[in-house]
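Thanks for coming. I'll keep this brief.

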Amino acid sequence: MSDEPQPQQPGEGRTPGEPQAADAPQRPTEGTETEPDTDTDGDTDGATQTGTRTGWRRLVPTWRMVLGTSLVGALLILGGFVLGYTLVQIPSANALAVQQANVYLYADGTVLARDGEVNRENVGLDRISEDARYAVLAAEDRDFYTESAVDPSAMVRAAWNTATGKGKQSGSTITQQYVKNYYLRQEQTLTRKVKEFFIAIKLDREQTKDEILEGYLNTSYFGRNAYGIQAAAHAYYGIDAEDLDAGRAAYLAALVNAPSQYDVVAHPENRKAAEDRWNYVLDGMVEEGWLSPSERTGMTFPPPKASTQSTGLSGQRGYIVNIVKDHLIKNDLVDEESLDAGGYRITTTLHKDKQDAFVDAVNDKLMDRLDKENREVDTYVRAGGASIDPKTGKVVAMYNGIDYVQQYTPNATRRDYQVGSAFKPFVFAAAVHHGSRTQDGRPITPNTVYDGTDQRPVQGWSGSRYAPENEDNVDYGDITVREATDKSVNAVYAQMAVDVGSDKVKQTAVDLGLPSTTPELHPTPSIALGVATASVLDMARAYATLANHGEHGTYTMIEKITRNGKAVVDLPARKTRQAVSRQAADTTTHVLRGVVQNGTATAALAAGRPAAGKTGTAEEDKAAWFAGYTPELATVVAVMGQDPETAAQKPLYGAMGLSRINGGGAPAEIWGQYTREALEGEPVRNFDLRIQPGADRTQPPADPTGTSPATGNPTGDTDGAPDEETRERTPGTAPGQTQGQSDGRARGRTDGGTADDAGTTDGAAAGGDTPGDDTPDGGTDGDDDNGDGGVGGLTGALTGGRGRD
């Protein structure tokens, strides 16, 4: 045994029962039981008398720990909430949420087109049916009106279901969804969810439930590029949101949950799932008392339309949208920046039935006859048209091209093609309006005789020699103005322009409706031949003035402009003025009726109504025109040649397999079909004309001695000319034989009478003489009432081949 001290074992060297040093650790004696420590408050915590816990008890937190942790946690949560509520502000709406389309409507309120990248039209809650509102609530948040803006339990439940594979679900209330749609982006991040939470709480305090629901319905995405319930109602059913019934509303409400999945047209394989969701919505409406059980019983799923009316810019829509926008901006109705922001609902003056009729007529009489594969010239063919109500000045239809996405230039408003002989009526109207005379002093009337020799130099022109060619170089010799108009004789009208004064001719054209800035509208003799390049719409305005007895009014394409359901633009009142005297306008109409009845435009007889008009052909046959009107409608049609690659103007020789296209061909045929269809169902009306004195008398050419056989007086003396305007007689009847003339005279000159012309197509006139006009130029004194001598319509069988202009 070693003498070195040995290590002492614990507990050794102490007598049993001897007290241990105060600072020495105590160990429980083997086989003994330690009493639990009892605190002064009587709480037994399982620790030893010294507070030490052993075994599993060490894993259980004390009450102090629990209480402390709870208090700290509560403070942190409360502090975090206060901090979040303070820091997170309601931001401005995101760009996508405020972006809307401008909606363009036909005059009857049906949608014509929508422009803008986002197909959305915001509407007030009062313009959303109750069924639609309740259906969305039943689908997304049935306790919306009674519960708070956020639902934490739903959020936790949705998160759990998503995490456990029960499907991706949203625990958001409608308020939260609206916040996400309107103020935030769609990314799935914790930051976005936190912001959504706090913004929703704030928004619920600042806006009413109705305001939030309205915002939600206008920002939700329903598929088919439709944002908001108004756009969705049109995209799936072609109706407004205010017209949605419970069945259709329930389907749209179902789409919010899974827009692409539940579109049964795009995904017919998902029809059962879509119908299940639809039933869920309807059943929820019944449970909440928003739909009666009796209404629910027997309801069948309303399948959406496979293809509703397109609201894009294809076809005629894109042209119209751009023309209307240009009209709004140029007339200072809406500025360009505001239009770009969107949200406008613009009701146009266009009539859908007439618009469709115009497209059909162009297709039937022109486009369907082209053979672009075998005739290169057929690839050049373009068409433009415009139609106006003469009484109101409203543009009711336009044709601009085959398709905006294929041909961008609007053919109804372009000003780069000569109007040709369609300009000649303005020359004659100016002559009558100004009381003009020929170079030898004879008054210019429909029966004034001119020299129609081809390439005859005009007389009285101070400029360089001008001797225009007649079409096909035909010599007509002595010919009346009426015949020269029927046959479109250039030699006669070039001379007439000089006789009237080319500056007066220009001003008359401007007064009738052509813009003063019209290209090539110069006061020279060539003005009569239509070298000016007015647009189809310009020409329709001018011809509408003739149809309206010379009264020119403001022409418009806009009926109403609203934004968010309220009128935001006060449209200017229509202003009218007498552009030319009624005698001048009506006598021009009297002459132009002959062009349709036995001149170059007999194809227009297909309209089946009394009509007046004039054909026209541009140089080298690059364009062919027909401008015409009935008492109800003034319409101009042009067929143009343009290279699709270079955009250069091209002659139309050989187009449609014909040697040439002139105004009496496709343009007049289109006009005839369109006018017949556009006025279908409307009563036939005759023209009520007060024509120039002597317009119905044949006037021989001037006597070389200087005496006018027409008057028996020396040239220039007007005493022998009639001093009263006369009524146009039915074609084919001799003077004094017009039916109804005597009773018209009996009514006298004091009351003017009223033409009883409704539906009379047998050529019978309803009256005779009317109040005269003693002003030298046939002014408007006494002309503003309706006369009593409406002329009969298409009298008898009209013969004669179709001429060319």
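First question: is Arg541 buried or exposed? Arg541 is buried, at a relative accessible area of 18%. Buried means under 20% relative accessible area, exposed over 50%, and partly exposed in between, with a 1.4 Å probe and protein chains only.

Quick ground rules. This is a predicted model, where local features need pLDDT of at least 70, side-chain atom pairs count only at pLDDT 80 or more, and totals for chains, interfaces and linings use all residues. Residues are numbered from 1 along each chain as its sequence is written, and side-chain values use heavy atoms, with hydrogens and water left out.

Back to Arg541. The side chains of Arg541 and Asp538 meet in a salt bridge, 3.9 Å from N to O. A salt bridge here is a side-chain nitrogen of Lys or Arg within 4 Å of a carboxyl oxygen of Asp or Glu. Asp538 is buried too, at 1%. Why can these two meet? They sit three residues apart in helix 19, so about one helical turn separates them. Helices (H or I, at least four residues) and strands (E, at least two) are DSSP runs, numbered from the N terminus.

How many salt bridges does this rule give? The count is 29.

Take Arg375 and Asp378. Their salt bridge spans 2.8 Å, N to O. Arg375 is partly exposed, at 26% relative accessibility. Asp378 is buried, at 0%.

Next, Arg609 and Glu632. Their closest N and O atoms are 3.5 Å apart, in a salt bridge. This pair links distant parts of the chain, 23 residues apart. Arg609 is in the loop between helix 20 (582-598) and strand 14 (612-617). Glu632 is in the loop between strand 15 (623-629) and strand 16 (634-641). Arg609 is buried, at 6%. Glu632 is buried as well, at 10%. Elsewhere, salt bridges that share partners join Arg114, Glu121, Arg127, Asp240 and Arg345 into one network.

Now helix 18, residues 502-512. Its buried residues include Val505, Val510 and Leu512. The buried residues of helix 18 pack against several elements, among them helix 15 (424-433), helix 17 (490-500) and helix 19 (536-547). Contact means heavy atoms within 4.5 Å. Just after helix 18, Gly513 takes a positive phi of about 150 degrees.

Last stop, Asp340. Asp340 lies in helix 13, residues 336-341. Asp340 is exposed, with a relative accessible area of 55%.

That's the tour. Over to you.
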